[in-house]
Amino acid sequence: MKRFRKFLAGLLCLALLLALAPAASMTADITFLAVNDTIPIALSAATMPFYANSLLYIPLSLFDIDALGVVPLYDSAARRLTMFNDTRTLVFDLDEGTMTNENGTIFSAQVISRGGVLFVPALYCAYHFGLSVSFLT
């Protein structure tokens, strides 16, 4: 009888561990954005970074002349986003899903609009303008 109780207690512990395992694996990653060691915008559902096609997308509003020296201009009629600084330029064609640099080289890169907020691929834009990116876990 004593052996049966130990077996039953072990079986119940195993069942409890198995029941909790899926919940532990369902934790979500949270992304915080900082520019020059400060959080520049209040993150809301509308401005929360997200991953799409294995790329991190961040709100266009992070790229501005004061914080990063990058000027973003969006032409809603032409559905074209231009980002530039003194030496570099990126032009996104929202309809074609392309990005063209100052040398005329065309890449496949999308700008995603969510709730009226434009999101750009973080790494493409940051590296092109010589900005460093860090991923901390």
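Trainee: Which residues touch the most other members in the largest nonpolar core?

Mentor: Before the answer, a caution: this is a predicted model, where local features need pLDDT of at least 70, side-chain atom pairs count only at pLDDT 80 or more, and totals for chains, interfaces and linings use all residues. Residues are numbered from 1 along each chain as its sequence is written, and side-chain values use heavy atoms, with hydrogens and water left out.

In soluble globular proteins, nonpolar side chains tend to be buried together. A nonpolar core here is a set of buried Ala, Val, Leu, Ile, Met, Phe, Trp, Tyr and Cys residues joined through side-chain atoms within 4.5 Å. Buried means under 20% relative accessible area, exposed over 50%, partly exposed in between (1.4 Å probe, protein chains only). The largest core has 21 residues, and F63, L81, M83, F92 and V120 touch the most other members.

Trainee: Which elements give two or more residues to this core?

Mentor: Helices (H or I, at least four residues) and strands (E, at least two) are DSSP runs, numbered from the N terminus. Strand 2 (55–59), strand 4 (80–84), strand 5 (89–93), strand 9 (117–121) and helix 3 do. Helix 3 supplies the largest share, 3 residues. Another core, of 5 residues, lies apart from this one and includes F50, A52, Y57 and I112.

Trainee: What is F92 in contact with, leaving aside its neighbours within four places in sequence?

Mentor: Contact means heavy atoms within 4.5 Å. With those neighbours set aside, the partners of F92 include L81, M83, M99, V111 and C125, and also R79 and R80.

Trainee: Now the sheets. In what order do the 5 strands of the open sheet come?

Mentor: Strands of a sheet pair through backbone hydrogen bonds, either parallel or antiparallel. Two strands pair if DSSP finds at least two bridges between them. In this sheet the order is 3-4-5-6-7, with antiparallel pairing. Strand 3 (71–75) and strand 7 (106–108) each have a single partner strand, so one side of each is left without a neighbour in the sheet. Strands 3 and 4 share 5 bridges, and V71 stands opposite F84 in strand 4.

Trainee: And what is the order in the open sheet of 4 strands?

Mentor: That one runs 1-2-9-8, again antiparallel. Its edge strands, strand 1 (50–52) and strand 8 (112–114), pair on one side only. Strand 8 is joined to strand 9 by 3 bridges, and S113 has L118 of strand 9 as its bridge partner.

Trainee: Is G130 buried or exposed?

Mentor: G130 is exposed, at 66% relative accessible area. This glycine sits in the segment after helix 3 (122–128).
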